[in-house]
Amino acid sequence: CRPRTQEQEVKRGQNRQGFQKYLAPFPSDKKLQGGGYCWDSLQKHRALDGNVRPKRHAHPVPHRGLGNPNAGSYAHEFQCEVSFYAWSFRSHAPSSTTLVTMTDRNVPVRHAVVPAAGRGTRFLPITKSVPKEMLPVVDRPSIEYIAREATDAGIDDMLFVTRTGKESIEAYFDADPGLENELEKAGKDELLALSREYLKLARMHSVRQGHPLGLGHAVLQARQHVGNAPFAVMLPDDLMHPNSTLLKHMIDVRHALGGSVVALLRVTPEQATAYASTSVTPLEIPEGVSLKDGDLMRIDRVVEKPPLEEVMSEYAVVGRYVFDPAIFDELTKIEPGRGGEYQLTDGFARLIDRDPEDGGGLYGVVVNDRRFDTGDKLGYLEANIALALEDPKLGPKLAEFLVSEAGTQLKGRLAKVLGL
């Protein structure tokens with residue numbers, strides 16, 4: 001088994017059908033030897049259709065680690081890949097793929113990478129058994145809002161970077177022929193349509209991060225899937241309102257200026273200490289980009305979670321990015337920070353001084369659309385309430401309840417304060 005070239009990997013990934021899964025690199029004591037099989041619960045799956053069988057691949061694939069001999073098992077290791085062809089309503093015709101240069105800003109952004117390997121400890125104990133990304137916002141998991149946002153922005157290929165125990169994310173976006181057949185036979189067309197909504201979304205893929213070595217390391221796991229093409233990174237804790245056009249605007253900026261683009265949130269100096277703080281220069285809005293004056297910046301410097309006295313501006317980086325593939329090269333050069341983690345910020349900060357002819361340049365689009373921090377309990381509740389109030393069926397009754405409940409709570413507090 002010879003390692004495939006990067007071009008073969010890109011073409012192979014785009015020609016596949018159904019749901020695929022890539023395993024993260026093994027630790028050095030479990031390194032895959034040439035041609036051997038590695039084991040995963042995915043291999044235990046039964047085919048969803050009698051004429052379809054799981055198809056296994058155990059070709060050792062070179063893993064481009066962090067380029068650091070001290071990076072443990074992730075430097076110069078191999079990873080084992082297991083693919084599973086599941087029955088699907090969709091048929092994806094093979095397409096030819098041509099590798100592109102880092103500097104071709106006209107190449108469409110077709111890929112999105114969603115890091116989802118975190119444990120969600122702020123939501124314990126529920127996240128002991130339920131991935132945080134699968135917690136419901138109104139009537140669907142929060143991760144679906146991310147998938148819909150990507151699809152609406154023109155992205156047709158999504159890669160989840162996960163870990164063991166998060167298989168429910170993959171299952172949610174997969175076909176369930178048994179359920180669909182039952183609903184169809186029962187004439188429950190409305191429910192059937194709901195169960196098939198995954199057909200309207202981008203194609204889903206999955207890779208495991210393996211060891212929790214930070215956001216930069218998680219994004220680097222997408223290198224062989226994305227290939228030499230621009231791509232978006234979407235952090236699931238940042239849930240944008242369904243009407244948001246932020247990601248589309250960021251992609252437009254990438255097409256107009258090249259380089260990479262990040263989302264910038266206006267924050268107080270105190271809040272900035274929890275984000276990546278930036279030094280920026282306002283830019284004129286280029287042709288083809290529908291932004292207001294003052295909403296496009298060139299980023300001159302960025303520092304991750306600075307102390308209060310080192311905050312550089314009111315603009316902080318939040319969880320939407322559109323990267324030139326040059327980011328992969330820079331991520332292999334960074335050193336681990338606190339906790340031995342490789343920070344994504346350290347990677348894209350290096351793009352500022354990189355030659356624009358070689359994928360360099362970093363820009364920022366100011367967030368004006370509504371955003372919810374669903375990685376925080378209060379932000380999660382705010383998202384549920386705000387979006388439920390907009391639901392035509394739930395909204396009116398929920399509003400009545402909130403007014404009544406607020407009145408009751410206020411009366412109770414006043415009575416307590418007044419000693420009544």
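This is a predicted model: local features need pLDDT of at least 70, side-chain atom pairs count only at pLDDT 80 or more; totals for chains, interfaces and linings use all residues.
Is threonine 374 buried or exposed? It counts as buried, because its relative accessibility is 5%, and buried means under 20%. Leaving aside neighbours within four places in sequence, threonine 374 is in contact with Phe123, Pro236, Asp237 and Leu239, and also with Gly379, Tyr380 and Ala383.

Let me turn to the nonpolar cores. The largest has 42 residues, and the members that touch the most others are Ile155, Met158, Phe173, Leu247, Val253, Val322 and Val365. Among the elements that each supply at least two residues of this core are helix H2 (142-152), strand S12 (260-266), strand S15 (315-323) and strand S16 (362-366), while H8 gives the most, with 6 residues. Valine 322, if we do not count residues up to four places away in sequence, touches Val109, Phe231, Ala232, Leu247, Met250, Ile251, Arg254, Ser260 and Val261. Apart from this core lies another, of 35 residues, including Val207, Ala222, Val262 and Tyr342.

Finally, the strand pairing. Strand S13 (residues 276-282) and strand S14 (residues 296-304) run antiparallel and are joined by 7 bridges, with valine 280 having isoleucine 299 of S14 as its bridge partner. S14 is also joined to S16, again antiparallel, by 3 bridges, and here arginine 298 has tyrosine 363 of S16 as its bridge partner.

Key. Residues are numbered from 1 along each chain as its sequence is written. Side-chain values use heavy atoms; hydrogens and water are left out. A nonpolar core is a set of buried Ala, Val, Leu, Ile, Met, Phe, Trp, Tyr and Cys residues joined through side-chain atoms within 4.5 Å. Buried means under 20% relative accessible area, exposed over 50%, partly exposed in between (1.4 Å probe, protein chains only). Helices (H or I, at least four residues) and strands (E, at least two) are DSSP runs, numbered from the N terminus. Contact means heavy atoms within 4.5 Å. Two strands pair if DSSP finds at least two bridges between them.
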